[in-house]
Amino acid sequence: GFKDWFDKLVRAPLLFIDDLGKGRFTDAVESHFFGLIDERTERGRPLIVTTNSTGGALASRMSSDRGEPIVRRLRDY
């Protein structure tokens, strides 16, 4: 199920996410993405993300409580 798939994403030696921000950020998608970023950074797992948006544009498309923290973690990590 979803938990198994999510755990595989967290444990992958390298995770590449292409075109972040191209799709719609529903509350569920945003919440799971936040969890994924949080888990990978805590475990020191590499993450490569591409986007055509600026950090501010990405954050503005997300909720106010998660948008900035997600962008900040992506920038810092």
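1. How are H1 and H2 oriented to each other? In this predicted model, helix H1 (residues 2–11) and helix H2 (residues 27–43) pack at an angle of about 40°, and their axes lie 9 Å apart. Angles under 35 degrees count as roughly parallel and those from 65 to 115 as roughly perpendicular, and H1 and H2 are therefore oblique to each other. The crossing of these helices, H1 and H2, is right-handed.

2. On the H1 side, the contact is made by Phe2, Phe6, Leu9, Val10 and Arg11, while H2 brings His32, Gly35, Leu36, Glu39, Arg40 and Arg43. Sorted by class, the residues of this contact between H1 and H2 are five nonpolar, two polar and four charged.

3. The largest pocket holds about 200 Å³ of space. Its lining is made up of 15 residues, and those nearest the centre are Leu20, Val49, Val71, Leu74 and Arg75. Two or more lining residues come from each of H2, strand S2 (47–49), helix H3 (55–60) and helix H4 (67–76), with H4 giving the largest share, four residues. By class, the lining of the largest pocket has nine nonpolar, four polar and two charged residues.

4. The second largest pocket has a volume of about 170 Å³, and of the 14 residues that line the second largest pocket, Ile17, Leu20, Phe25, Val29 and Phe33 are the closest to its centre. At least two residues of this lining are supplied by each of H1, strand S1 (15–17) and H2, and the largest share, three residues, comes from H2. The lining of the second largest pocket divides into nine nonpolar, two polar and three charged residues.

Note on methods:
Residues are numbered from 1 along each chain as its sequence is written. This is a predicted model: local features need pLDDT of at least 70, side-chain atom pairs count only at pLDDT 80 or more; totals for chains, interfaces and linings use all residues. Side-chain values use heavy atoms; hydrogens and water are left out. Axes are lines fitted to C-alpha atoms, for helices over the stretch in contact, and angles run from 0 to 180 degrees between N-to-C directions. Angles under 35 degrees count as roughly parallel, over 145 as roughly antiparallel, 65 to 115 as roughly perpendicular and the rest as oblique. A crossing is left-handed if the near helix is turned anticlockwise from the far one by less than a right angle, and right-handed if clockwise. Contact means heavy atoms within 4.5 Å. Ala, Val, Leu, Ile, Met, Phe, Trp, Tyr, Cys and Pro count as nonpolar, Asp, Glu, Lys and Arg as charged, and the others, Gly among them, as polar. On a 1 Å grid over the protein atoms alone, a cavity is a set of points where a 1.4 Å probe fits but cannot get out, and a pocket is an open set with protein on both sides within 12 Å along at least five of seven lines; lining residues have an atom within 4 Å of a point. Grid points are joined across faces, edges and corners, and a volume is the space filled by probe spheres set on the points.
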